[in-house]
Amino acid sequence: MSRLSLCLLLIVPGLLQAEQLPIKTYSAADGLAGNQVNKIFRDSHGFLWFCANEGLSRFDGYKFVEYRIVPGPFQPEVRDIQETRSGVYLVSTRAGLFEFKPFVRTDTKESTGHEGTFSATDGAELNTVSRFTAHQPNEPGASSVRTSAEDASGRIWVGTAGGLFQLEEKGGKWIFHLVDIGLPKETEDESIVRTLMPNRHGGLWIGAESGLFFRHPDGRTERFTTRDGLPVNQVRAIQEDREGQLWIATRLGLCQIVSEPGRARPTVSRVYTEADGLPSRNITSLWQSSDGILWIGMIGGLAEMVRGAGPGRQRFRAYAADQGLGNINIWALGEDQNGNLWMGHEGGVMKLAPRGFVSYGMADGLGSSSIASIFEDQVGELCVSSLFTDIVLSRFDGRHFLAAKPRLPEHFDYYGWGWHQLSMQDRTGDWWIPTGQGLCRYSGAPTLEGLAGKPPSAIYISKNGLPFDDIFRLYEDSRGDIWIATYSEKGNGLTRRERATGIFHNFTDADGLPLKTSVPSSFCEDRAGNLWIGFDSGGGLARYRDGRFRLFPQLASEPQVDSPSLYVDREGRLWIAPGFLGLDRMDDPTSDNPHVISLTTSEGLSSNRVLSITEDLW
């Protein structure tokens with residue numbers, strides 16, 4: 001076997017922290033051109049570009065490469081980078097606008113992964129200034145370029161400290177045309193254009209120090225200021241989401257711009273601040289990720305927008321030091337091809353993997369920090385059974401856990417020590433909760449919340465159906481029968497509760513099972529509906545077929561085996577992890593004499609101690 005795809009899951013009791021974000025941090029020590037990152041941009045080839053106060057860097061998924069824009073050791077502050085449809089990159093810097101062609105035509109598959117398209121060159125050539133061509137408008141103050149954008153018709157707009165310009169290419173040269181949008185002239189700062197965003201209808205939104213401007217396709221311009229509801233005139237970022245909703249970042253709040261029926265122009269419908277759940281009203285950057293989430297960068301943290309039930313009901317989820325983010329000021333947001341969110345700040349960049357690991361504890365609503373089992377209810381909701389001074393079940397609502405504590409008999413004070421699947425909801429909607437003093441069944445509660453304070457509809461102990469009171473393991477088979485493993489120092493038990501009749505069928509050593517020395521600890525069904533049962537303490541593996549058991553003592557027979565792991569893959573093969581002897585695979589578990597293949601480190605396993613088996617999507 002050339003490749004083994006095995007995933008090992010370790011659930012660690014005792015996690016008491018709130019949610020921790022999976023974050024990786026990069027700085028100038030990793031190759032960034034400076035730690036102050038102003039803009040993050042992903043180009044059409046999948047590369048990430050980082051505009052920093054000390055230059056320009058590219059990240060290819062593995063490493064950062066710094067680009068030198070001008071001769072000498074000191075590079076201009078880079079504010080923005082954009083890729084035009086023609087493949088030319090425009091780099092906005094304090095020293096002007098630079099035209100840049102980072103890729104060369106090839107006929108082979110290179111680092112971008114495209115056949116016969118473009119590849120970036122590394123090494124000395126990459127770090128020369130020959131690929132950068134400087135362009136500067138002649139207007140006063142306009143040499144300091146803030147941003148650029150290309151609209152739907154291919155026109156290129158440039159925002160500078162001296163106003164808005166449109167570029168025109170003539171004879172291989174760029175010509176700057178000043179565009180009058182009504183910028184005030186009282187102070188120099190009022191002419192600064194910080195951000196540009198072409199909209200889907202051919203218009204252009206302009207964020208300036210003197211307000212929010214909109215240039216219509218016919219050239220008409222509107223200006224929005226504090227008189228129109230903005231909390232302050234300085235606009236830092238503009239984001240139009242997928243629904244066409246416009247969001248504006250200012251230092252005094254996040255503004256929502258809407259077009260109301262009957263009004264000739266949009267209005268500021270609401271300004272969101274700390275009162276709405278934002279960690280800060282000092283907004284610096286906006287980004288809508290590929291999964292539709294609107295992310296808000298600000299002075300002092302990060303937030304994501306949680307959509308509400310209607311207009312103006314948006315909520316925010318804040319991330320700060322408690323989630324591992326630290327008390328940072330985020331100036332730029334971006335996303336890579338894998339859906340990771342990148343944040344630029346004064347100390348470099350951080351990569352947040354939304355699909356990475358997140359830790360949950362009691363602060364997130366779990367009943368306790370000792371997790372006994374994880375399962376899904378009838379409607380596919382994730383549920384967790386936890387133990388501490390009592391039994392508590394919790395349901396995950398997508399953000400937090402909602403706990404429900406079922407009522408147990410007053411004399412129940414021992415909750416058992418079983419492994420793996422414990423509490424569960426069967427196909428009829430009944431809940432089964434095991435304890436060390438009996439098995440409790442709860443009927444008439446289709447949702448987990450209905451269990452709160454509810455007494456059991458039935459209690460099963462040794463006096464009314466079970467061989468022993470200490471419940472070790474539960475399993476529901478494809479017929480809806482409940483299999484119950486029980487423990488006792490005098491011996492162990494295995495019981496099948498027949499769903500159709502409610503009758504308990506108890507099995508003993510006389511049925512060919514090693515119950516005197518081993519507890520049934522793992523269950524699995526093959527494609528034919530045969531039930532496989534693994535026994536701890538080297539008891540082996542048993543198959544239940546046509547009402548009879550057959551023991552396979554040679555499988556999972558090592559005495560140190562606490563609980564063999566069983567898994568049937570999509571091809572119908574039964575995988576067995578006995579614990580310390582590698583891995584066994586049974587390709588024909590439904591045959592009378594199944595053949596077993598043993599796999600160890602000799603066949604490529606990293607260790608012969610295999611504790612759990614599962615199959616991924618591939």
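A residue counts as buried under 20% relative accessible area, as exposed over 50%, and as partly exposed in between (1.4 Å probe, protein chains only). The model is predicted: local features need pLDDT of at least 70 and side-chain atom pairs count only at pLDDT 80 or more, while totals for chains, interfaces and linings use all residues. Residues are numbered from 1 along each chain as its sequence is written, and side-chain values use heavy atoms, with hydrogens and water left out.

**View A. Tryptophan 49 and tyrosine 89 form a tilted aromatic pair.** The structure holds 33 aromatic pairs; rings of Phe, Tyr and Trp (its six-membered ring) pair if their centres lie within 6.5 Å, and planes under 30 degrees apart count as stacked, over 60 as edge-to-face and the rest as tilted. Here the ring centres are 5.6 Å apart and the planes stand at 55°, so the pair is tilted. Tryptophan 49 lies in strand 3 (residues 48-52) and tyrosine 89 in strand 7 (residues 89-93), 40 residues apart. Strands (E, at least two residues) are DSSP runs, numbered from the N terminus. Tryptophan 49 is buried because its relative accessibility is 0%, and tyrosine 89 is buried at 0%.

**View B. Phenylalanine 507 and phenylalanine 549 form an edge-to-face pair.** Their ring centres are 4.9 Å apart and their planes at 80°. The pair links strand 42 to strand 46 (residues 548-552), with the two residues 42 apart in the chain. Both phenylalanine 507 and phenylalanine 549 are buried.

**View C. Serine 518 sits in the loop between strand 42 (504-507) and strand 43 (520-525).** Serine 518 is buried, at a relative accessible area of 1%. A polar atom of its side chain lies 2.9 Å from the backbone oxygen of aspartate 536. Not counting residues up to four places away in sequence, serine 518 touches Asn492, Phe535, Asp536, Ser537 and Gly539 (contact means heavy atoms within 4.5 Å).

**View D. Strands contribute to the lining of the second largest pocket.** The pocket holds about 1400 Å³ of space. Of its 41 lining residues, Lys39, Asp80, Gln82, Thr195 and Leu286 are the closest to the centre. A pocket is an open set of points on a 1 Å grid over the protein atoms alone, where a 1.4 Å probe fits, with protein on both sides within 12 Å along at least five of seven lines; lining residues have an atom within 4 Å of a point. Strands that each supply at least two lining residues include strand 2 (37-42), strand 6 (78-83) and strand 16 (193-198).

Technical notes:
Helices (H or I, at least four residues) and strands (E, at least two) are DSSP runs, numbered from the N terminus. A polar contact is a pair of N or O atoms within 3.5 Å; within protein, one must be able to donate a hydrogen and the other to accept it, and residues adjacent in sequence count only if both atoms are side-chain atoms. Grid points are joined across faces, edges and corners, and a volume is the space filled by probe spheres set on the points.
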